[in-house]
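Biologist: I would like to learn how to read a domain interface. Can we walk through one together?

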Amino acid sequence: MIAKTLFGFEEILAKELRNLGAGNVEVGVRSVAFDGDTGFMYKANLCLRTAIKIIKPISSFHVSGEDDLYKKVFRMDWAEYLSVDDTFAIDATVFSDNFTHSLYVSQKTKDAIADKFRETDGKRPNVDVKNPDLRINIHIHQDQCNVSLDSSGASLHHRGYRTATNIAPINEVLAAGLLLLSGWDGQCDFMDPMCGSGTMLTEAAMIACNIPANINRNGFAFEKWPDFDSQLYEKIIEASLKKTREFHHKIIGMDKAPSAVRKAIDNIENANLSDYIEVKRDNFFKTEKETEGPLHMCFNPPYGERLDIDMQNFYASIGDTLKQGYPGTNSWMITSNLDALKFVGLRPSRKIKVFNSHLESRLVHYEMYEGSKKAKYQRTTEN
């Protein structure tokens, strides 16, 4: 099978797959290939935090052109996956000199499947692009065509808990990936000081408690497949929920907009995580660290495309607040405004290239020591 992901998350997804028990894990570009049985396919959809789709290849062949594609798709035994009363949709991705348009590839594939059913059954299944019974994935690279079934359906970032959002909310898969890249493992207090609708907080709590990422989701495409084993799926859910763990620290969110705080509280309640997360209305720039011991911070500050703010002052205030009010904090933030980073006034210890939707961004790490960095260095050398 193949798990698709966002740029920069391939290695994290590979690690997630290995931890779940996948075989032959191979990292690609925005994708990770792996081996697993039907039960593992169910588990991958339910539990993976950084996957967008899980697709299952069913056929692979060389294609010389559109007529050749039609013939080879027509030859496949579509009755194994689809009946005339079902609906289907085609997603095509094309990187080829022989095929110039993915929409035309989709059309040719649809015609071949429809004509096959007309020949065998006298009628054809209908197309439903929004909510099909079977979503088919065609990937052509030069003369190689891979035909797969999409086992997920809607993108796996649709977790099911988020009903209220702010302007440009952070994608759930992006939030989970940033948290995992930052090393968040639930072993200390956590804060999102600009929490918006609470996505980072919710994903942080699910990681801390080892709750399956998509436990709140409405469903997956594989549940409509002819071979769907509901008893096996129930066992997978039960086994995954047995692996949850208690969390003994604090998760704190704040936002200065009352509407954001209300939305965050609603979404956190939808995810059944209110016991673990506290959200309050506050202006980060007027706060200081309230908790003892280490603090892990991860946030997505507003940027120019989202809110009209004075970038220079805003980013300088982030740096000042961290320096003056948050000792003993591992602070991570994502920004697409790469010029604004110089105003923070802190030297990042790490910069990781990621994408927030279409925007090239950086996940940057500022390590705020207890006392001064020099004092910490002296203590470590003395020990």
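Biologist: Which domains does the domain assignment of the chain give?

Modeller: First, the ground rules. This is a predicted model: local features need pLDDT of at least 70, side-chain atom pairs count only at pLDDT 80 or more, and totals for chains, interfaces and linings use all residues. Residues are numbered from 1 along each chain as its sequence is written, and side-chain values use heavy atoms, with hydrogens and water left out. Domain bounds come from an automatic or database domain assignment. Here they are domain 1 (2-150) and domain 2 (172-211 + 244-375). Taken over C-alpha atoms, their centres are 36 Å apart.

Biologist: How many residues does the contact take from domain 1 and from domain 2?

Modeller: Contact means heavy atoms within 4.5 Å. Domain 1 gives ten residues and domain 2 gives 14 residues.

Biologist: What is the area buried between domain 1 and domain 2?

Modeller: Buried area is the accessible area (1.4 Å probe) that two parts lose on being put together, summed over both. The value is about 990 Å², with 74% from carbon and sulfur atoms. On the domain 1 side, F7, F9 and R49 supply 63% of the area buried against domain 2, more than any other three residues.

Biologist: How many salt bridges are counted between domain 1 and domain 2?

Modeller: A salt bridge puts a side-chain nitrogen of Lys or Arg within 4 Å of a carboxyl oxygen of Asp or Glu. The count between domain 1 and domain 2 is zero.
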